[in-house]
Amino acid sequence: MDQLDFSPNIVKLVSGLWQHDVSGHLLITTRRKPTALANDIRDFDERCCLSLKCFEIEEGKKFLFRRFGIVHDEEVERVAEKLVQQLGGLPLALEQAGAYIKSLPCTIPQYLELYDKQHIRLLNRQKATRVSEYDSPERSAVRTTWHLNFGHIKQSVDDGRAASRFLYASAFLNPNEIQKDIINIGEPPIEDEEFGECVKTPLGRRQVLKLLTDFSLFKETLSSNLSVHHLVQEVILENLNPEAELQSINDAILTFYNWHKLCLHSYDLVRHLKRMIKQSNVDRTKIFQPKTARIVYEYAVHLSANSKHDEAKEVANFANDIFNLSNQQVPAISLFPHTMPLPELVRRHIQYSCNAPATSKKDECRDGVEMQSPSVTSEQLEEMRMKGNDLFKKGFYNDALKIYYDAIDISRNTAFFDVRLLSNRASVYLKLGQYDEALEDAEEYILQRPKCWRGYARKALALVQLKDMQGAYVAASLAYYYKRNIFHDFEPFRVTFDSSLEKSLYVCHSTSNFSTALRKIRISHLRRNLSNSISDDLQVVILEPDHYLVSVQTVGSDLVYGNDKVHSIGNCILVGSEGKCSVTFDDNLNIAFVKNFVAYNVRFYSRFTNCHFLSGSVVKLAHCSFESSNHSYTSFCSFGELKVDFCTFSNCTKGGLLVVGDAEIENSEFFGNATALEVRKGGRLLVRKTRMYGNKQGLLIGPQAKECVVEDCDLYDNESCGIFVTNCASDVTIKGNHVYDNDELGISVTQNSNVSILENEILRNDGWGIFIVDHSQAVVKENKIHHNQCGGIYLLNCSVGKSVIEYNNISFNSGPGIYEEDSLTKRKENKLQDNKEERNQSTAQSEAKLCYCCKKPTTNLKKCSNCFTAQYCGKNCQRSDWKNHRGICDRLLSDGSIALNYVRDPLMAIYSSPNERDPSDDCKYTFTLALRGASLLPVGPKYCQPPNATSWFIVKMSAGVSVEQGKGYDPSVVRLYDRSLKIDGFLTGADQIYHLVWKHGAMAEMFIYWRKLFMWVKGPEDGKLRVFINEFPPYQNW
């Protein structure tokens, strides 16, 4: 039933009374929605409708194999999967493809190869097999089926023309996610009054959407946007004449421009623009508009943000050409605020902004969840809760548990969910001995009612049974803080905790109270030592929100010992009640944590003091934060046993945390520190689910650390390496981490270290992904290593035959996938794809190879000798365009080049003169020796004519890190020389050139931490060279 209007006979057939006197079923297919059928047919029951969707991958493969009897092996299955994806799982398209394969006959790989070239035209060659004589011949092919639907839409009296116009524009957009709000009157308003009148109101826009979705041309996605099958788009494009095609892409880019979002559709639009400008029958002047250039530029931004810098540069030049061809007088920066590639800080900002925001567990409990429609009323829910309470009091715990469970299940995420149900259910779990479940409910209750004693009380009781007494004391103390008579009024506390816990509690609201409590605890500890008591009872200090100071004056000089003025704290639990409870250690006092110490929800500040967890101590830290201004030492050092959970170490000038004992760290953050986390000198470390970012150095392991495990951590945005391992003969395991966006190496392994690097994702680091040197050995297995700037894995002087590299996915790195020097590793089944294995470079040339005058495409274009941007197919066009070009020539020169200070420093002269350069005559910016790879062509005036200063020529730019000098190379200075060596020196103030070399250049011959890029320059003039920054020459081998 796909007719535009149902005939009376069809309506009678579907809704007639004759159906009551017969048995059996009538099967009818239609593209209409059930709601549309209910409106058109009397007594139509929507429940009778079965929704038929496109095949999933496995379903589509089975359909092909069974329907057409195709014999398949593993390779055919792989190709069949790709074919199903290409055809979008559309059953009719798969039927046509199978019919073609069977009738020719050919194989699935042969058909797919042909389909990649011809697309919808290939489907047009073979209709599907008709099932019966009643089948409509128009419905036996995808193309004719969609054409019938297009025709029905056009015939719609009120909205057909507007719907068709939007439909045609959508052929140029991303088919999977089309926002509904792009149906609008445009900006500026569209000239088509009929269209504007139709879509200027919300009701009119809904009518257009209804018409398109009623005929299954569009579908709503889970995000309430629209999707269109890509075969629909192909059928539309196949039948658009050049004028209609131009109007439709202009609708997509210009008319609907106010909907645009960063790169959501720009990939598809740019793809179509590249295709259209090469066609001879297109009026390109209608394409060359600033808004067109802007959306192409946004695609370049997206590519660069995802570290696809070569492709981004090419697309950015395409945007520049579109902008320039529109003959604008304003500079390009007015439309394109950033150069390509994006500055690294901007790139990361965009990258991180595109990530979904992290949510807390509290958000997951309520705030971040859409409220559902409840299936019970609040009165019914309260009745269920009271019934559960009654069963609990009578001892029918399993029956009460079922009531609570059902009540929570039907009301969770509704507006009247009663959090008391969680506390009630936790009580039942405690009675039934299900302590883990009780703890989970208690913690969820605390998240939603953080100032209520009930959650802490249930948590304390559960932790006692789970043998975590210190955790139980923390929870019990918070329950006491919010209900001071809990030890007397709450019977489970009277039974579980004796009176000694209540007597050991101190509640502090000022520095004076806190100091008194510390003195009492310290004196009690000293007395216990004198009496040889072995009691492990911990005293609890509860801090109300305030700022507390620990100094010689506050704790008393009698409790400070040694020349270093050390005050010890131990055998106590420090609990922050709520809000900001901060403790500052005075500049003249060093703190030693001894014996057992627990801290919960406290902020610690150390200005210039040391806070050491001494050998023999057992320290647990949870939900605490640590900051330090100590410029000499890492303030927080652990020599004993340390457990850290949900803590933050930030803005520590020397380092966040140093581990020399045994430490277990989970769910924590280290940021803004000199070194995030360090373990050495016999220390053992287990760190999981922790983030280390924005530090000068990420994780530092060694020297001489023992067993270390780093698992499920994020290490990113650090100024040096993500993970640095040095001189660690013991096993170090780095597994399941994300190491990305670090300014140097991802993971560095040096000096006889032994490391297992397993199942990590290592990406977008400015150096190598993995760097293994100095007789170290490593097992590198099942990692994803991609988009790293220098390359994937580098090995130098590694233990021969002891390192293993296997089952890694190494792709899209801007250098070799695996590069070895003086090493011999065992390799097995690594997938290397699209790495820059050869020394070459992209020319970044635009797709718009058009004459700036006649706008015709051609390959042999000559550039303007002044701006080096405008290009012409011949002298006639150049002369004809001079009147227009004269006004923008200087702007194009300024947009496409920069003038930089050039200092001659003939370092390479050793290769053109028998007199070696005096090593003592060294420039602070350069190496002391000029080194060149043996495979390079010779340089000097006898090998190349010296360039003319009035025309552009090719130079080699070099930039990198000067390891020989033991310091980072100045990024504002770039070395350069031309082949004749007339230009041989360096550029100053060349940060942008350094960035271009580093992102687009090839690895240097002699130094893997240097890169080279061949560029066009002009000059020198008045001590300056003009460097052209848009397009690059081909790679040169000198």
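Residues are numbered from 1 along each chain as its sequence is written, and side-chain values use heavy atoms, with hydrogens and water left out. Because the model is predicted, local features need pLDDT of at least 70 and side-chain atom pairs count only at pLDDT 80 or more, while totals for chains, interfaces and linings use all residues.

Rings of Phe, Tyr and Trp (its six-membered ring) were paired if their centres lie within 6.5 Å; planes under 30 degrees apart count as stacked, over 60 as edge-to-face and the rest as tilted. The count by this rule is 43 aromatic pairs. One of them joins Tyr-852 and Tyr-872 edge-to-face, with 6.5 Å centre to centre and 65° between the planes. Tyr-852 lies in the loop between β39 (831-833) and β40 (862-863), and Tyr-872 in strand β41 (residues 871-872), so the pair ties together parts that are 20 residues apart in sequence. Helices (H or I, at least four residues) and strands (E, at least two) are DSSP runs, numbered from the N terminus. Both tyrosines, Tyr-852 and Tyr-872, are buried. Buried means under 20% relative accessible area, exposed over 50%, and partly exposed in between (1.4 Å probe, protein chains only).

Phe-868 and Trp-1016 also form an edge-to-face pair, at 5.7 Å centre to centre and 65° between the planes. Phe-868 is placed in the loop between β40 and β41, and Trp-1016 in strand β47 (residues 1010-1021), so this pair ties together parts that are 148 residues apart in sequence. Both Phe-868 and Trp-1016 are buried. Lys-863 lies over the face of Phe-868, 5.6 Å from the ring centre. A charge sits over a ring if NZ of Lys or CZ of Arg is within 6 Å of the ring centre and within 35 degrees of the ring normal. The charged end of Arg-67 likewise sits over the ring of Phe-68, 5.2 Å from its centre. Elsewhere, ring pairs link a cluster of phenylalanines, including Phe-585, Phe-613, Phe-636 and Phe-670.

The structure holds 0 disulfides, a disulfide being a pair of cysteine sulfur atoms within 2.5 Å. Cys-854 is in no disulfide; its nearest cysteine sulfur, that of Cys-851, is 3.7 Å away. Cys-854 is partly exposed, at 30% relative accessibility. Cys-713 is buried, at 0%.

Helix α21 (residues 420-432) has 13 residues. The helix reaches 19 Å from its first C-alpha to its last, close to the 18 Å expected at 1.5 Å a residue. The expected span is 1.5 Å times one less than the number of residues. α21 is mostly covered, with 10 of its 13 residues buried. Among them are Leu-421, Arg-425 and Tyr-429. The cover over the buried residues includes α19 (378-393), α20 (397-411), α22 (435-448) and α23 (453-465). Just after α21, Gly-433 takes a positive phi of about 75°.

Two further helix residues were examined. Gln-351 is in helix α17 (residues 344-353) and is buried, at 11% relative accessibility. Not counting residues up to four places away in sequence, Gln-351 touches Ala-305, Asn-306 and Arg-764. Contact means heavy atoms within 4.5 Å. Leu-478 is in helix α24 (residues 469-482) and is buried, with a relative accessible area of 2%. By the contact rule, and not counting residues up to four places away in sequence, Leu-478 touches Tyr-456, Val-575, Gly-576, Ser-577 and Tyr-600. The C-alpha atoms of Leu-478 and Ile-542 are separated by 7.9 Å, though 64 residues apart along the chain.
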